[in-house]
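Let's take a walk through this fold together.

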Amino acid sequence: MSDVYIVGIDMIRFGRFPDRTVPSLAAESALLALDDCGLSIKDMQALYCGNLGQAAGMVGQRMLGEIGQTGIPVTNVANACATGATAFRDAWMSIKAGIYDTVMAVGVEQMGKGLLGGGNRGPSSEGLIGSGTMPAMFSQIGMEHARRYGTTFDQFARISVKNHWHSTMNAKSMYRKETPLDEVLGAEMIAWPNTKLMCSVNVDGSAAAVLVSEKKMKQLGLQDRAIKVRASEMSSNPFAEREMAMPDFSAATRVAAKNAYEQAGVGPEDINLVELHDCFATAEMVHYENLALCKDGEAGKLIDDGETQLGGRIPVNVSGGLLSKGHPLGATGIANIYEVSTHLRAEAGDRQVQGARMGLTHVVGGGPGMGTACAIHILEKA
Amino acid sequence: MSDQKTLSPPLKPFVKRDDQGKPYLAGTKCTSCNHIYVGERTICANCYARDKMTPHRLAQTGTLYVYTIIHRSFPGINTPFIDVIVDLDDGAHIKGCLEGVAPDPEQIEFGLPVKVAFYERAPVNMPDTPHLTYVFEPLAPNDKDQSQ
């Protein structure tokens, strides 16, 4: 099986574009990714398009309608917060399988403002049988960490301080404003212990990648900026004791992480930077341990010691993360891959992780009573 | 029959009334791996056994596993309220609201003993139709015997 390389990858600056269409947002990053490697839509043999909000809307075909109807196979993908990464992995698999040499993956989302969650038919149980909001789910996960290890409000908040600081160095981030600790702690409480500044930002956005086989990469002479996909893994939620009451995002992440490290033949100590799924500050805390960046119970210390900030031992979410860069559900998975690729290419400017050779991306999503989708990629400078 | 007609509908299918009209939480037990589920099931998600599930009336007492205090919810919902995950004494796990405790992290303890209490309340999207539902309340020292 051929190794698979990213040769073109880019994203639009995340923001709010209520007057745009979903396909037009997708088209913009698709063209940026093509320009990044000097290829044309004519060169693409297949398209995998991730979008959640219009999952039944054939977004991939409509995007080609805007930039070139070449007649290639289009697969539209929806998989919660792992949607973009799932499209990317499908593109990777199609090259691994030897079907294609040159494939595009796009992730795109257009979102309204406000709370996510709920949405069941029939009588609403909101406020009567707890809460079905996303903040409720992810706050419970943080409180489980607090119960086990005594993790504090301040420690959770410091994750948000870090990611907002990182975003000041990223021109593609929705917000680029520092938020000191007292500002994070004093922001509107949404669901204890997550204040508004500890919740990810609902934004519009898109990101796209061009993946090629090793043979094609050499043929095109694109070695210099190529990124090798060392591992691509996915998982769903294995049975967890309390999953019917509180969705489990940790078990799925641990399964995918273990398999990804094995597939790449590396360990967490070989990783130079991580873009992980900080949909809430509490989520980033538990994923430090789920991704084995530290031992179980040491995540609070990791943030206290500054090990996950730019300049630390293992910088996490130097893009600003979902907390500040924004979280357009279907685009997030490819945007994370863009961020890591940019560092591996040594093109990340002020926020560059010096000497980065290998990075890891992680997304995980789901909902109450639904289940979990997790995707992890390990990338290396070719 | 006329009594039957005036009974409020359950908010969730697993909130049931027995023959005497007494409310309870309905669950299912896997006789193969002993996992207890809230609500009805036919196949075990844990051990994959089929045809091993039997109806089970869930315990009325348990302990608070984790909580969060909801300050922002959907329009029309009164906040703050306490959202809890409770480990029932029979091993089931269930989400709900905790009442009778101030919505303040200083006042809420992991492991707090709680009991299930039933009420009729109207969902936000059906304000004129009370539904049978449940909450958790702190367990008083003499509650445990009465609830069995």
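In strand S3(A), Asn76(A) is the bridge partner of Cys49(A). The two strands involved, S2 (residues 46-50) and S3 (residues 74-77) of chain A, pair in the parallel sense over four bridges; pairing here requires that DSSP finds at least two bridges between two strands. Between them, the chain passes from S2(A) through helix H2 (residues 59-67) of chain A to S3(A), a β-α-β crossover that is right-handed, meaning that with the strands pointing away from the viewer the path from the first strand over the helix to the second runs clockwise.

Cys49(A) also has a bridge partner in S4(A), namely Val106(A). Strand S4 (residues 102-109) of chain A pairs with S2(A) in the parallel sense over five bridges.

A word on conventions: this is a predicted model, where local features need pLDDT of at least 70, side-chain atom pairs count only at pLDDT 80 or more, and totals for chains, interfaces and linings use all residues. Residues are numbered from 1 along each chain as its sequence is written, while chains are lettered from A and ligands numbered from 1 in the order in which they are written.

## The sheet and a helix across it

Nine strands of chain A form an open sheet with mixed pairing, in the order S3-S2-S4-S7-S1-S8-S11-S10-S9. S3 and strand S9 (273-275) of chain A stand at the edges with a single partner strand each, so one side of each has no neighbour in the sheet. From one strand to the next, the twist averages 25 degrees (axes are lines fitted to C-alpha atoms, for helices over the stretch in contact, and angles run from 0 to 180 degrees between N-to-C directions).

Helix H8 (residues 250-264) of chain A lies across strands S8 (227-236), S10 (358-367) and S11 (371-381) of chain A, and runs at about 150 degrees to S8(A). Contact here means C-beta atoms, placed from the backbone, within 7 Å.

## The chain as a whole

Chain A has 12 helices and 11 strands, counted as DSSP runs numbered from the N terminus (helices: H or I, at least four residues; strands: E, at least two). Of its 382 residues, 63% count as buried, that is, with 20 or more other C-beta atoms within 10 Å of their own.

## Meeting chain B

The contact takes 28 residues from chain A and 35 residues from chain B. H4(A) gives the largest share of the chain A side, six residues.

Definitions and conventions:
A residue is buried if 20 or more other C-beta atoms lie within 10 Å of its own, exposed if 12 or fewer, and partly exposed in between; C-beta atoms are placed from the backbone. Two residues are in contact if their C-beta atoms, placed from the backbone, lie within 7 Å.
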